[in-house]
Amino acid sequence: MPVPDWSKVQALPRTPLTQLFADDPDRLASLSTDVAGIHFDWSKTHLTREAIAAFAEIAQAMGLTAKRDALFAGDIVNVTEGRAVEHSAERGEGAPDSVARAKLFHSRMRALIDAIEAEALGPVRHLIHIGIGGSALGPDLLVDALGRDMDRYDVAIVSNVDGVALETALDAFDPEATLIAVASKTFTTTETLLNAESALAWLTENGVEDPYGRVIALTANPEKAIEWGVDETRILPFAESVGGRYSLWSSIGFPAALALGWDAFEELLEGAAEMDRHFRFTPLEQNAPVLAAFADLYYTQVRGCETRAVFAYDERLALLPSYLQQLEMESNGKRVTAEGQPVDYPTSPITWGGVGADAQHAVFQLLHQGTHLVPVEFIGAIEGGDSLDEAHHRQLLLNMFAQGAALMAGRGHADEARAYPGDRPSTTLLLDQLDPRTLGALIAFYEQRTFVNAALLGINAFDQFGVELGKEMAKAAEKGGDFDPSTTDLIARAFG
């Protein structure tokens, strides 16, 4: 397996952003593109034609196009676990057999939703979706972003094993009109099953005659769900080859499909498929996920940036930074290559962020005048999501555009405390509107961008062994295992 050679891109001159614009009148046109209702602008990054050419050489050396073809062909690309990676097949872009299987599972999900709408499961007004990690973050993002004006069903997403989280949802709903969706790929996730057992107890205590009849399982392990007590007719399976953090396109997206309606869910899938087709068939130099990954790698490998900030200037995308944290850091937070050899270069930066314009009055002080260089990503929509005076949305977008301009331009001042160094990079993603299609395309963009980063780094984006040790030790603590003096003392203080 080759090792990426960053030397050519590291040797490029570090020209300030304002000078890059002055030197190249076509810079904006060459570093922006439009895909699936989203405008991408990398012109305020330090990417240049020379940098893109150097990264394209790295991509060729690391076999990016072959890896991309293998991903969509259903070949084994998760080499450490010996699995194909087929979340793209869930939206129709993949091996024919995998696409057909995904459609079959989608048909099963739609049939169950039709039955719920026809009240075949009794009157239903509420859904409590119980999962954690990828089994919760994706559905939560979809429902929050697209379901604020929906009145089909009330949906609560519960992930934290902290009883306060579940109790808040239980207190808000009528048990006689509530369904429980239990989402777990393996159906062995400790936190999820404990929350599910408590939800079942709540149904029982409130006189629901058949609590298990109110449970829907979303899983790649139907046998475990049946063993746990779920009726086979209420199990919505998905393929083992669909990773948890890539699973919102599968039956894990059930709460969104129920809350938003099946037409909206299909539009979400089609938007993602449109981005997949762009990624598959567009030359690297004009390819949105590829250019984004080139920018990511420039700042980690050349400028030594350890973090990347994402700010959604749209309240409906408030959960996007949290979603991206798992997608990017669980995928690419690795210290070895796909072959298990230690790397001697940075891999994933730390993803963080928030909501604009709130963040301007909190963390932007560091972004403008701090000692850390932090690439910033701005995301907004031309069409607002409110019915108030348009001045609100205009002010929001103007703030977003102005922040990118200020980060780049900076401002001198005789008093250094009031000076802005400038030359700080940002990317802007401007959606025509936030609807199922554009949100699907946006999420697929981030997925494929994550894949490109991994391919050029020579790491495997699709395993996550780093989450297992803490889980194992938590189980050992439950059984009274031996720990260091500090941990032993903490356990004793908490439980006696």
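This is a predicted model: local features need pLDDT of at least 70, side-chain atom pairs count only at pLDDT 80 or more; totals for chains, interfaces and linings use all residues.
Visitor: Where is Asp 231 found?

Guide: Asp 231 sits in the loop between α10 (222–228) and β9 (235–237).

Visitor: Why is Asp 231 called partly exposed?

Guide: Its relative accessible area is 39%. Buried means under 20%, and exposed means over 50%. Asp 231 falls in between, so it is partly exposed.

Visitor: Why does Asp 423 count as partly exposed?

Guide: Asp 423 has 23% relative accessibility. Buried would need a value under 20%. Exposed would need one over 50%. Therefore Asp 423 counts as partly exposed.

Visitor: What is the phi of Asp 423, and where does this residue lie?

Guide: Phi is near 60 degrees, a positive value in a residue other than glycine. Asp 423 lies in the loop between α16 (391–409) and β13 (426–431).

Visitor: Which phi does Glu 119 have?

Guide: Glu 119 has a positive phi of about 65 degrees, although it is not a glycine. This Glu 119 is in the loop between α6 (96–117) and β5 (126–130).

Visitor: Is the peptide bond from Gly 356 to Ala 357 cis or trans?

Guide: That bond is cis, with omega near 10 degrees. Ala 357 belongs to the loop between β11 (350–355) and α15 (364–369).

Conventions
Residues are numbered from 1 along each chain as its sequence is written. Side-chain values use heavy atoms; hydrogens and water are left out. Helices (H or I, at least four residues) and strands (E, at least two) are DSSP runs, numbered from the N terminus. Buried means under 20% relative accessible area, exposed over 50%, partly exposed in between (1.4 Å probe, protein chains only).
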